[in-house]
Amino acid sequence: MAEENTVPKEQLTPFERLEIIRNKNRPTIRDYIPMIFTDFYEMHGDRLFGDDGAVLGGIGRFKNMPVTVIAEVKGRDIYENKSANFAMPHPEGYRKAIRLARQAEKFHRPVICFIDTPGAFCGVEAEKRGQGEAIARSLAEFMTLRTPVISVVLGEGGSGGALALGVCDELAMLENAIYSVISPRGFASILWRDASREKEACNIMKITAADAVHLGVAERIIAEPPGGAHNDPETTAENISEFLANSLNNKIGKDIDVLLNGRYNKFRKIGAFTE
Amino acid sequence: MLEDLFKMVTARWGGDDDDNSPPVPQTALFKCPRCSGSCDNEALERNMWVCPECGYHSRISAADRLAITCDSGSFMEYDKDMAGQNPIDFPDYEDKIRSLQEKTGLTEAVITGECTIHGEKCIIGVMDSHFMMASMGSVVGEKITRAFERAAEKRLPLILFTASGGARMQEGLVSLMQMAKTSGAAARLAQAGGLYITVLTDPTTGGVTASFASLGDIIIAEPKVLVGFAGRRVIEGTIRQRLPEDFQSAEFLQENGFVDMICERRNMRRTLAHLIRLHRPGQRMGGET
């Protein structure tokens with residue numbers, strides 16, 4: 001693919017990008033699904049405890065090919081946000097993701113993940129049901145899943161809650177999306193005990209799509225229309241589709257063990273040390 | 001070193017009002033952060049750093065852990081000189097690492113190697129909370145990953161003593177990716193049929209709980225240690241309520257189904273050796289144990 005798909009089109013500061021992805025009109029996965037997939041059927045539940053509204057899963061067609069879609073759900077209004085818990089999954093959300101991923105493997109469908117979360121939910125029930133175990137299991141399961149996995153960060157890629165859907169063969173980020181070890185607010189609050197220094201945190205955390213490419217975490221940047229995806233959701237959806245089509249073409253038919261070694265090594269080589 | 005331990009446990013468990021309490025003598029006393037009971041350091045050491053009053057299993061250095069776990073003289077360290085860099089050019093990170101190295105005598109927050117425990121050969125890793133709260137950056141991720149890979153290659157059991165404040169903020173996204181890297185390596189060891197035992201020690205939290213610490217075939221915890229994903233204060237902020245004392249304790253985790261057994265420090269060596277023996281291949285009825 002062309003080299004320009006690894007550099008952003010617009011020059012903006014990380015904080016300006018954060019403001020764009022926080023725009024209340026920014027398209028969510030529920031906007032994109034009808035624009036990207038056909039015959040889409042949503043599937044519910046982890047078969048263990050319940051159904052988490054923060055993680056959407058389903059089966060549909062991408063350019064006629066059956067695929068499994070797993071996505072974190074940002075709400076478009078207060079009602080959607082209530083049922084989606086502001087895109088902060090509980091353990092059952094990750095366990096639903098694992099269930100549907102294994103099902104995709106069984107029926108030889110690729111898995112397409114969409115990441116859009118401030119992070120996994122922090123609460124009493126989440127701890128009781130094993131938030132840590134659920135995320136860990138997701139990382140381990142996706143690493144060994146014998147079918148292609150492609151992930152796209154739509155907006156916020158926050159912490160382990162994002163990474164749980166990010167163990168994949170190829171990761172793309174929308175041009176203004178961010179991916180970070182913790183939310184900039186959380187970062188400021190931990191390191192400086194002052195959450196209001198969010199803007200400063202943004203500028204040193206290396207959270208933009210270009211940073212993620214530079215650090216070997218993301219492979220592609222998907223262009224957004226000037227000013228952000230909300231200015232033209234259809235064009236953004238077309239750009240996402242174009243990336244998915246290219247990426248799937250490269251992955252499908254590839255020897256699965258070669259693919260799995262590639263997936264492992266993608267993460268294996270990330271780290272900076274001397275010896 | 002023990003002074004740091006005081007500071008850390010006091011910070012974690014609240015302790016007394018710092019300003020009003022009399023200064024702790026430099027040499028002698030250990031004051032338990034759980035029961036406020038005290039004893040002298042020698043007595044504490046003889047008791048394997050477990051509070052004689054309430055049984056709190058206090059935080060110990062990786063060196064002390066290895067000393068009470070491995071057969072004497074059997075430990076051979078891996079990747080001894082591996083040291084961190086500054087992948088996201090975080091301000092002052094190198095200086096912070098350097099000063100911690102001088103202060104603690106450690107190069108990083110985990111020590112890995114090979115040893116025997118009651119004669120049973122295994123690969124062992126011990127995290128040390130005195131080094132940046134044993135947060136997981138590149139070095140921790142790489143050493144842990146290599147421990148998994150070596151366990152698979154050498155067909156040896158792997159035992160990891162976990163302790164961590166979570167991700168290493170100063171390494172940003174690179175730190176986060178260590179979760180995927182280590183969990184992937186754990187998954188590969190599992191596929192190769194290797195035995196992996198985790199021992200959760202005080203405190204095991206955040207990104208380490210959400211990666212390799214939760215993936216053991218057998219998960220052991222020391223009594224009363226703190227284990228959880230989110231920080232207590234973060235959750236209290238969300239629910240606007242004080243959480244009960246035992247929230248995120250080893251016992252809480254066991255009750256909720258995430259810990260196989262709680263094992264006292266004085267029984268740990270024997271338990272680990274027994275568990276390794278139970279997994280030795282090719283054992284038959286009527287054979288020797």
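In chain A, 55% of the 275 residues count as buried, meaning that 20 or more other C-beta atoms, placed from the backbone, lie within 10 Å of the residue's own. The model is predicted: local features need pLDDT of at least 70, side-chain atom pairs count only at pLDDT 80 or more, and totals for chains, interfaces and linings use all residues. Residues are numbered from 1 along each chain as its sequence is written, and chains are lettered from A in the order in which they are written.

Chain A holds 12 helices and nine strands. Helices (H or I, at least four residues) and strands (E, at least two) are DSSP runs, numbered from the N terminus. The radius of gyration of chain A, taken over C-alpha atoms, is 17 Å, close to the 19 Å that the globule rule gives for 275 residues, so chain A is as compact as a globular protein of that length. That rule is 2.2 Å times the number of residues to the power 0.38. Along the principal axes, the C-alpha atoms of chain A fill a box of roughly 50 × 50 × 45 Å. Contacts require C-beta atoms, placed from the backbone, within 7 Å. Of the contacts in chain A between residues at least 6 apart in sequence, 73% join residues at least 24 apart.

The contact between the chains takes 41 residues from chain A and 48 residues from chain B. On the chain A side, the largest share comes from α6(A), with eight residues. That side divides into 25 nonpolar, 10 polar and six charged residues. Here Ala, Val, Leu, Ile, Met, Phe, Trp, Tyr, Cys and Pro count as nonpolar, Asp, Glu, Lys and Arg as charged, and the others, Gly among them, as polar.

Strands also pair across the chains; pairing requires at least two DSSP bridges. β9(A) and β4 (residues 83-84) of chain B pair in the antiparallel sense over two bridges. A:Thr274 stands opposite B:Ala83. Within chain B, four bridges join the parallel strands β8 (residues 196-204) and β9 (residues 218-221). B:Ile197 stands opposite B:Ile218 there. β9(B) also pairs with β10 (residues 261-262) of chain B, in the parallel sense over two bridges.

A nonpolar core is a set of buried Ala, Val, Leu, Ile, Met, Phe, Trp, Tyr and Cys residues joined through C-beta atoms within 7 Å. The largest has 151 residues, and B:Leu158 is one of those touching the most other members. Helix α6 (residues 172-191) of chain B gives the largest share of this core, 10 residues.

Conventions: Two residues are in contact if their C-beta atoms, placed from the backbone, lie within 7 Å. A residue is buried if 20 or more other C-beta atoms lie within 10 Å of its own, exposed if 12 or fewer, and partly exposed in between; C-beta atoms are placed from the backbone.
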